Amino acid sequence: MRRITILGATGSVGQSTIDLIAREPERFDTVALTGGRNIARLAEDAKRLGAKLAVTAHDECLSDLRDALAGSHIEAAAGAGALCEAAARPADWVMSSIVGAAGLEPGLSALSQGATLALANKETLVAAGPLVMARAASTGATILPVDSEHSAAFQCLAGEDPAKVERLILTASGGAFRDWPLEKLAQATPEQAATHPNWSMGQRITIDSASMFNKALEVIEAREFFGITPEKIEVLLHPESLVHALVGHADGALMAHIGPADMRHAIGYALNWPERADLPVARLDLAEIGALTFRRPEAERYPALDLARQVMARGGLSGAVFNAAKERALDEFIAGNLPFMAMADTVAAAMDRAEAESGLIDAEMTLENILRADAMARGWAGDYILGRIDR
Ligand code: NAD
Ligand code: MG
C-alpha cells in the first residue's frame, strides 16, 4: 500500500487526484487530506478514502469539520501549522495542490520527511526554487512535476540530460482573451477572465491563464525545476491545448508531448512514476483533430511574460516578490478594484519598489526572508493600487 497525502484536496487538482486514487483503493492508504472552507467536500472525501486526518486551513471552520467527521475516527485539525503537520506525517507520496504561496511551507514539510512530492503548486518553485530543490536534495526526496507542461517536458526528457537541451517550448492556450481586440481588454471582467477555452481549473489559475501570468510562473518554474537557462525557454501560443511542451535536443530533434487537456494525465504520471499506468483519459483521434496550430504570443497582450524574464535575470528573492505582488493584484482584480491590464503594472511597480529596498532581493534565500519579501510585495502592490506609489 502506498501512503498518500493530498494538500489542497478540495480544489480542482486535488479532486482529480482523488478521482484517480479512489479507482484503486487496494493500492493507496490515505494519510491526510487538507482543504479550505468546503468542509462538506473535505469530510466526505476523508470518509470515502478512509483518511486518518483532515485539515482545514481556517481555524474558524474546525468545529464544522469536527461535526462533519463525527463518528468516523478521523482526526480533525485547522490552521497553517496543522497543514504543515499533515504534510509532515509519514507518507510515500504527497500531492502539493494548494493554490498560491500558501502551498510553500506545507510542501517543504513534505520534502523534509523525504516523501515524493507531486508538485502542482507552481508558486513553490517560483518563490523558493533553490531552497526547495536543496531541501529535496538534503532528504533524498523526489519532486515530480504535475503542471501539465512540466510533466510533458519531464516525459520528453526521460533518459536525457536537461543541461544538454537546446530549447524547451512551453505551450499556452492564450486564455479567455486571446482573440479579443487589445483595446477591449481594459474592460475585461473577472467572470469573463475565469472562463478557459480548454481546461477546467480553479478560478485563480484560469484568470492567470487569461493574463498569461500562469505561463510567466511556469517559465520560472521550468527554469528552477529543470535547471534550463532562461534563453532556452520559449512560449508558444497553441490554441488547441493538446501539445503541452516540446523539448529540442542538440541534434535538432523536437520531442513533443501530445495528450488531452485532462490533468489526470499529469497527475497519473506522477502517481505511477516511474511506471506508466492505464489512465482514464480520452485517447486522441488525431485525424479527427486534423490540425495543430502554433503562433508567437504578442508581447503587448501578455506583459507578464516579459516580467518573468526580468525575474529570471534578477534571481534572488525576485520570484517571491513577483508571485506575491501577482497574488495581491489578482485579489484586487477579482474584487473589482483593478482593471485587467493593470495587474501587470501593479506587479511591475512592486518589483521596482523591491529593487529600491536595500538588500531585500539579494538577501539569503531562507524561508524567513522569502516570507518577508512576500509580505512586503503584497503591501507594495496594495500601495500602487491605492495610488500611494507610482511606477
Ligand atoms: P483550486 O482553487 O481549485 O484549489 C485550491 C486548493 O487549495 C483548495 O483545496 C483550497 O481549499 C486550498 N487553499 C486555498 N487557499 C489556501 C490557503 N491559504 N491555505 C491552504 N489551503 C488553501 O486550485 P487548483 O486549480 O486546483 O490549483 C492548485 C494549484 O495547482 C495551483 O498552484 C495551480 O497553479 C496549480 N495547477 C493547477 C492546474 C489545474 O488544472 N487546476 C494545472 C496546473 C497547475
Ligand atoms: Mg500548466
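**Ligand contacts and a covered helix**

Let me begin with Val13: one of its backbone N or O atoms lies 2.9 Å from an oxygen atom of ligand 1. Please bear in mind throughout that this is a predicted model.

Two further polar contacts belong beside that one. Thr10 places a polar side-chain atom 2.7 Å from an oxygen atom of ligand 1. At Gly202, a polar backbone atom is 2.9 Å from an oxygen atom of the ligand.

Which residues come nearest to ligand 1? Of the 23 around it, they are Thr10, Ser12, Val13, Gly36 and Glu123.

I turn now to helix 11, which spans residues 263-272. Is this helix mostly covered or mostly exposed? It is mostly covered, with 10 of its 10 residues buried. Among them are the charged residue Arg264, as well as His265, Tyr269 and Asn272. Buried residues of helix 11 also include Met263, Ile267 and Leu271.

Finally, what caps the N-terminal end of helix 11? The cap is Asp262, with a side-chain oxygen 2.9 Å from the backbone nitrogen of Arg264. Arg264 is itself among the buried residues of the helix.

Thank you for your attention.

Note on methods
Residues are numbered from 1 along each chain as its sequence is written. Chains are lettered from A and ligands numbered from 1 in the order in which they are written. This is a predicted model: local features need pLDDT of at least 70, side-chain atom pairs count only at pLDDT 80 or more; totals for chains, interfaces and linings use all residues. Side-chain values use heavy atoms; hydrogens and water are left out. Buried means under 20% relative accessible area, exposed over 50%, partly exposed in between (1.4 Å probe, protein chains only). Helices (H or I, at least four residues) and strands (E, at least two) are DSSP runs, numbered from the N terminus. A polar contact is a pair of N or O atoms within 3.5 Å; within protein, one must be able to donate a hydrogen and the other to accept it, and residues adjacent in sequence count only if both atoms are side-chain atoms. A residue is near a molecule or strand if one of its heavy atoms lies within 4 Å of it.
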